[in-house]
Amino acid sequence: MYQAVRGTSDILPEEQAYWRYIERRAVDTCQLYGYQRLDSPTFEETGLFTRSVGQGTDIVEKEMYTFADKGGKKVTLRPEGTAPVCRAYLEHGLHNLLQPVKLYYLASIFRYERPQAGRLREHHQFGCEAIGDDDPSLDAEVIDMAWRFFLSLKLKNLSLQLNSIGCKQCRPGYLTTLKEYYAEYAESLCRDCQVRLNRNPLRLLDCKQPSCQRTARAAPRSVDHLCADCETHFNQLKGHLELLEIPFTVNHRLVRGLDYYTRTVFEIQPEGGGAQSTLGGGGRYDDLIEELGGKPTPAIGFAAGIERIILNLKKQEIAIPAPPGVHVFIAHTGDEARDESTRLASRLRQAGISTVAATGKKSLKAQMRQANSLGVRYAVIVGDEEIKTGTATVRDMANARQKTVPLDDLPGMLK
Ligand code: HAM
């Protein structure tokens, strides 16, 4: 028997209500903030991601689904949503529109990670990107949007972690200081961190190993090494968040796992959550568009993981709206009645009434069991005898009351 590939999952009908609920909240939030949808292809040229996400990152080094297509072109299944949006922004001349351009997506994301609860090899993200403005009020707006999106889902006890990791002017100096600090502890670091020390020192700060975390706690902080512009930007952002009454914690070890970030980085976590609990995160990426061949274009965005949201909705026992069910079931007894029930089902559906008609040759009792399990409000019973008089029996499933109704009146009556 075949099974879904490890780290991927089927979204069964009983789960769909969660997905529709989250998607609707996402789309409504985007409408409120003036973001428009952009869908990019599921795979892109590999270079787009190595260039943007960064060579020293886990995503590029270990997690991308990369293969050569039949024409020998190296392509990669989308391991994140920001680079494709930036590529589309450049390719379609969106830089010619009034800036900032505000876009969102709901997309599947592929990362070859070690599967566990909240960590899949194919997961889904709701993401937003605001491109073409470096104003800290835009950072605040994106954070506000992420925050309100989670609140609109009725999630409770969330925390917003915030940091600024500087820009290409001030970050090199900070990285030198960081490396000098870590050099003293090099031998006590985990093997991953020993590699990070040279390849990606910023990532030393968010290592999950307890001994590395101890070292990270006393490490130099990026906010103490910001240039004047970055410092002003960060202070203004914090001011805007206070204005918007969004509670935040400055987390000096928050650095994120993708290399394109500059200045603002943030994550939203459920309180007391473990490493795989982060619901969403994002930040500024002021150099990315230029790195991909465009003019210098500041931008900021965030993305949320749908599967992780569902885990938390369930954990917090948040009731979600039930999806609309089937309203009418048509049972039949006899061959002529079967033909009539087929015709009737079609008429009811054309009148906008959700209808299921029995198939096969089941007993009336078995057909009524099916009506019950569908949870319909009305069962319509068509028999050969009733057809002669042009009627059917309608049973109100809520109270088992029955009445005889002319077939022609059924659509109007059931509506
Ligand atoms: P990210 O933090 O890598 O950011 O992913 C965003 C969210 O996707 C995470 O917070 C988490 O909820 C979810 N997620 C990530 N990996 C997995 C996984 N393996 N299984 C389940 N859920 C996962 C980005 O991807 C950036 N592109 C976000 C961004 C947009 N930054 C600026 N604009």
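**A first walk through the model**

Analyst: One place to begin is a residue pair across two strands, where V394 stands opposite K403 in β16. Strands here are DSSP runs (E, at least two residues), as helices are (H or I, at least four), numbered from the N terminus. This is a predicted model, in which local features need pLDDT of at least 70 and side-chain atom pairs count only at pLDDT 80 or more, while totals for chains, interfaces and linings use all residues. Residues are numbered from 1 along each chain as its sequence is written, and side-chain values use heavy atoms, with hydrogens and water left out.

User: Which strand pairs with β16, and in what sense?

Analyst: Strand β15 (residues 391–396) pairs with β16 (residues 401–406) in the antiparallel sense, over six bridges; two strands count as paired if DSSP finds at least two bridges between them. Four residues lie between the strands of this hairpin, and there A400 takes a positive phi near 65°.

User: Stepping back, how many helices and strands does the protein chain have?

Analyst: The protein chain has 15 helices and 16 strands. Its radius of gyration is 28 Å, well over the 22 Å that the globule rule gives for 415 residues, so the chain is more spread out than a compact globule. That radius is taken over C-alpha atoms, and the rule is 2.2 Å times the number of residues to the power 0.38. Along its principal axes the C-alpha trace spans about 90 × 50 × 45 Å.

User: OK, sheets now. In what order do the eight strands of the open sheet come?

Analyst: The order is β1-β5-β6-β11-β10-β9-β7-β8, with mixed pairing. At the edges stand β1 (36–37) and β8 (249–250), each with a single partner strand, so one side of each is left without a neighbour in the sheet. The pairing of β1 with strand β5 (residues 101–110) is parallel, over two bridges, and Q36 stands opposite L103 in β5.

User: And β11, is it buried or exposed?

Analyst: Strand β11 (residues 299–305) is mostly covered, with seven of its seven residues buried, where buried means under 20% relative accessible area, exposed over 50% and partly exposed in between (1.4 Å probe, protein chains only). Both faces are covered: A299, G301, A303 and G305 lie on one side, and I300, F302 and A304 on the other.

User: What are its bridges to β6 like?

Analyst: Seven bridges join strand β6 (residues 122–131) to β11, and the two run antiparallel, with I131 opposite A299. Strand β10 (residues 280–284) is also antiparallel to β11, joined by five bridges, and there G280 has A304 as its bridge partner.

User: Which residues touch the most other members of the largest nonpolar core?

Analyst: F126, F150 and I309 do, in a core of 49 residues. Such a core is a set of buried Ala, Val, Leu, Ile, Met, Phe, Trp, Tyr and Cys residues joined through side-chain atoms within 4.5 Å. Helix α5 (residues 136–152) gives the largest share of this core, nine residues.
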